[in-house]
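Keep the viewer open as you read.

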Amino acid sequence: MRDMLQETRLTVQNLIYPLFVQEGAARREAVASMPGVYRLSPDLLVEEVDAACRQGILAVLLFGVPETKDEAASSAYDDQGIVQQAVRLLKARFPELVVITDVCLCEYMSHGHCGVVRDGRIDNDATLPLLAQTALSHAKAGADIVAPSDMMDGRVRAIRDKLDFNGFSGVAILSYAAKFASAFYGPFREAAGSAPVFGDRRTYQMNPANRREALQEVLADLEEGADMVMVKPAMAYLDLVREVRDSVLCPVVAYNVSGEYSLVKAAAAQGWVDERQIVLETLTGIKRAGADLIITYHAKDVASWLNGG
Ligand code: PBG
């Protein structure tokens with residue numbers, strides 16, 4: 001009867017699996033701060049995605065770890081860039097897979113910031129064409145959804161216009177709408193090699209103390225043409241997941257970020273918590289809070305548990 005009356009059910013179909021892709025062949029580098037997460041060369045990425053698809057995962061989110069960085073993030077919008085290569089390979093091999101690409105410049109900038117830096121400051125408007133160009137090159141490679149995570153103002157409209165003008169009106173935008181300046185991204189920056197070399201991201205990512213501003217960011221992104229909106233991180237922001245869910249009609253996505261993953265992994269490795277129980281409870285909580293889709297590094301494990309593994 002308990003099972004019959006359960007209100008929230010976690011499903012494999014609602015999970016998005018984030019993956020890091022790097023140049024080369026047969027290259028797998030462990031991310032020390034994220035046990036179980038690797039930077040993979042395209043050939044090994046295909047194997048990992050194959051295993052995820054077998055568990056019923058429908059969507060992946062790709063992050064690129066490029067060979068070269070510069071002050072213009074040119075490897076971000078290079079049609080031969082690492083993400084572009086990976087997208088082409090995945091769509092050829094798994095045509096039904098939903099391929100989502102993270103659109104940001106921090107991994108590709110020598111200074112590690114998400115935007116163009118002029119005189120030690122982020123130049124919001126000078127960043128927009130580079131983001132739009134990056135999104136277009138992902139779309140040309142076959143991405144189904146582009147997900148801008150930079151938090152520049154006006155980037156959703158810049159990307160939508162660029163995609164539409166170039167014949168990619170069918171490519172959707174998942175906007176990292178309410179993205180907070182969070183210490184929970186620490187392990188990700190090791191994984192992606194994207195920590196800023198000076199300063200921090202507080203001039204473009206949100207203040208964790210602000211609730212109304214989060215809603216304003218969500219509404220602005222929808223106005224600009226976002227198809228889905230994200231709240232990030234998830235666990236410390238569940239009130240906003242609920243509030244956004246109750247305020248808009250589009251799909252709401254929550255990102256169970258790297259720091260949330262690493263905390264669980266570290267405690268589980270010590271035998272202090274039961275990993276499977278903790279993860280299922282956490283993700284059920286995120287879903288109960290109102291998330292339609294959850295991005296999580298636990299995706300493949302969760303899928304196998306839900307499938308009875
Ligand atoms: C790129 C980006 C970040 C994350 C997703 N896209 C890092 C950041 O903003 O510093 C974080 C994801 C995670 O922590 O799992 N801007």
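Is histidine 298 buried or exposed? Histidine 298 counts as buried because its relative accessible area is 2%, and the cut-off for buried is under 20%. Please keep in mind that this is a predicted model.

## Around histidine 298

You will find histidine 298 in the loop between β12 and α10. Leaving out residues up to four places away in sequence, histidine 298 touches Asn256, Tyr261, Val264, Glu275 and Val279.

## Helix α9

After the helix comes glycine 290, with a positive phi near 130°.

## Helix α1

Helix α1 spans residues 42-54, and its 13 residues reach 18 Å between the end C-alpha atoms, close to the 18 Å expected at 1.5 Å a residue. Its buried residues include Leu44, Leu45, Val46 and Val49, but also Glu48 and Asp50. Among the elements covering them are β1, β2 (28-30), β3 (38-40), β4, α2 (82-93) and α10. Glycine 56, with a positive phi near 95°, follows α1.

## The nonpolar cores

The largest nonpolar core has 81 residues, and Leu45, Val60, Leu62 and Leu90 touch the most other members. Helix α3 (residues 124-141) contributes the most to this core, with 6 residues. Apart from this core lies another, of 28 residues, including Val31, Met34, Met228 and Ile295. In soluble globular proteins, nonpolar side chains tend to be buried together.

Setting aside residues up to four places away in sequence, leucine 90 touches Leu45, Val46, Val49, Val60, Leu62, Pro95, Leu97 and Val99.

Leucine 61 sits in strand β4 (residues 59-65) and counts as buried because its relative accessibility is 1%. Beyond its neighbours within four places in sequence, leucine 61 is in contact with residues including Ile16, Leu19, Ile100, Ala147, Tyr176, Tyr255 and Ile295. Leucine 61 and valine 257 are 196 residues apart along the chain, with 12 Å between their C-alpha atoms.

Which residues come nearest to the ligand? Of the 18 around it, they are Lys179, Arg189, Lys232, Ser258 and Tyr297. The side chain of tyrosine 297 places an N or O atom 2.6 Å from a ligand oxygen, while a polar side-chain atom of glutamine 205 lies 2.8 Å from an oxygen of the ligand. A ligand nitrogen is 3.4 Å from an N or O atom in the side chain of serine 149. The protein covers 100% of the 400 Å² of accessible area that the ligand has on its own.

Ser258 also meets proline 187, which touches Val31, Ser33, Met34, Ser258, Gly259 and Ser262, not counting residues up to four places away in sequence. Proline 187 lies in helix α5 (residues 186-192) and is buried, at 14% relative accessibility. Proline 187 and serine 258 are 71 residues apart in sequence, yet 5.6 Å apart from C-alpha to C-alpha.

## Backbone details to look at

Most residues other than glycine have a negative phi, and most peptide bonds are trans. Here, the peptide bond from lysine 232 to proline 233 is cis, with omega near -10°. Proline 233 is in the loop between β10 (228-232) and α7.

Alanine 26 has a positive phi of about 50°; it lies in the loop between β1 and β2 and is exposed, with a relative accessible area of 60%. Aspartate 119 has a positive phi near 50°. Aspartate 119 belongs to the loop between β6 (116-118) and β7 (121-123), and is exposed, at 81% relative accessible area.

Terms used. Residues numbered from 1 in each chain as written. Predicted model: local features only at pLDDT ≥ 70, side-chain atom pairs only at ≥ 80, totals over all residues. Heavy atoms only, no water. Core = buried A, V, L, I, M, F, W, Y, C linked by side-chain atoms within 4.5 Å. Buried < 20%, exposed > 50% of the residue type's maximum accessible area, 1.4 Å probe, protein only. Helix = DSSP H or I, 4+ residues; strand = E, 2+ residues; numbered from the N terminus. Contact = heavy atoms within 4.5 Å. Near = heavy atom within 4 Å. Polar contact = N/O pair within 3.5 Å; in protein donor to acceptor, adjacent residues only side chain to side chain. Areas by Shrake-Rupley, 256 points an atom, 1.4 Å probe, with all protein chains shown as cover. Expected span 1.5 Å × (residues − 1).
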